[in-house]
Structures are given as C-alpha cells and as structure tokens.
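My notes follow the order in which I checked each point.

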Amino acid sequence: MPETIAVPPFTARIVERLSVGATSRRERVIHSLDGLENPVHPDTLATTGADLWRLLQEQVPEGLGSVDFLLGLDAGGILPTVSLAGAAQLPYKIAWKLHLPLDGAVRFSEPHAMRTDVFAYGITHGQRIIIVDDEITTGRTLADLTRRLRDADAVPLAAACLVEDTTRGARDLLTDLGLPLVSLTTIEGAE
C-alpha cells in the first residue's frame, strides 16, 4: 500500500537580505516552496498549485474561461508557475532578464531589482494570460507588465502569487488597472 504523505501548510516569512544594492529591498520573503530552509516534497508543490488554482477559480470565475497560458516571472515565479500549470493543466511561459532576438517581445521593468529590464516573448494579439509570481510587494512590476501586455494587445486576466505583502499598496495599484490579484497567503512586510 502506498505511503500517504502529509503536506504541511504553505508558510512565508520575511528575512533581512545581506549585501543589498542601492535599488534592492533590504528584506526578502522566503516561503515553503523555495527550498531555502527545508527540502520540498513534490506533493507540496502540487498541493500549492492546486490551492492557488482553486483560489483563482473562486475569485476570478468570469475571467478564466479560456486562458492561453500562464506567464511566470523569473526567478521566484518559476516554481509557482510550474505548480499552477500542473494543477490547471495550462501551458506556461517564463519572462526572463534576457534580451534576445525573439518575436513578440514585451519589455517591462522590475524597478526594485539590480537589473530592471525583463522580457516576455511570443506575445501576440488577443492572448489571454494569467501572470504568476512568488511574491508581490509594491505591485509596480506586475503593473508595468500589465500595461506592456495591453500595449501588445494581449489580455492579462489576473495576477496570482504565493505571498502578498499587504503594507505597500500592490492590491490597490492592480485593482486600479482592472487586474484581479489572487494570493495564497498574505504577510505584513517591513516598512
């Protein structure tokens, strides 16, 4: 008989970054999918994706009828994107900090990073996209990406994240853009 694995609940907390640059945040959210503190069992990855997909369906039911793909942000957004893609049975793409000679390039900014330019490729008219990242703090990166996708005539349907910092106005910023934000958990970040 197969062994039953107990999947621990998703957790997140804030730690102080060491050796931060002038534009970088002094704190970093770490969470139970990043494998920093403990090894991550594949069942935990699958359960987290299923939980996030359930929340998306509950909170954005009218907007998820036909999703073309998930668009995850490197590097922190890769694991939640893969876990959500598995749960939703949707294809995914990853936006990278790589400027390449590929079609359908959409350039956007991650203002708090050392390297601010990020690129999504293969973006075309009418594509219906869910944006995925591990954490959201100010919302400026996802807001800029939303604007750039719309400039390319793509349709961002929602943003999904593992952890939302509730102290920096990200939800209000995205709401003002008409982009629903779905988060697996919330945390009060350091000011």
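I began with R148, which at 31% relative accessibility counts as partly exposed, bearing in mind that this is a predicted model. I found the side chain of R148 joined to that of D151 in a salt bridge, at 3.3 Å from N to O. D151 is exposed, with a relative accessible area of 56%, and because R148 and D151 are three residues apart in helix α3 (residues 140-151), about one helical turn separates them.

I then looked up E58 and R54, whose side chains also meet in a salt bridge (3.3 Å, N to O); both residues lie in helix α1, four residues apart, or about one turn of the helix. E58 has a relative accessible area of 48% and is partly exposed, and R54, at 39%, is partly exposed as well.

Next I turned to K97 and E110, which form a salt bridge with their closest N and O atoms 2.6 Å apart. This pair links distant parts of the chain, with K97 in the loop between β4 and β5 and E110, 13 residues away, in the loop between β5 and β6 (117-120). I noted that both K97 and E110 are buried. The count of salt bridges comes to eleven, and I also noted a network that links E27, D165 and R168.

Which residues form a nonpolar patch on the surface? I listed W96, L98, L100 and L102, which together have about 360 Å² of accessible area. L98 sits in the loop between β4 (92-95) and β5 (106-109) and is partly exposed, at 44% relative accessible area.

Technical notes
Residues numbered from 1 in each chain as written. Predicted model: local features only at pLDDT ≥ 70, side-chain atom pairs only at ≥ 80, totals over all residues. Heavy atoms only, no water. Patch = residues over 30% accessible without salt bridge, like charges linked within 9 Å, V, L, I, M, F, W, Y side chains within 5 Å. Areas by Shrake-Rupley, 256 points an atom, 1.4 Å probe, with all protein chains shown as cover. Salt bridge = Lys/Arg side-chain N within 4 Å of Asp/Glu carboxyl O. Helix = DSSP H or I, 4+ residues; strand = E, 2+ residues; numbered from the N terminus. Buried < 20%, exposed > 50% of the residue type's maximum accessible area, 1.4 Å probe, protein only.
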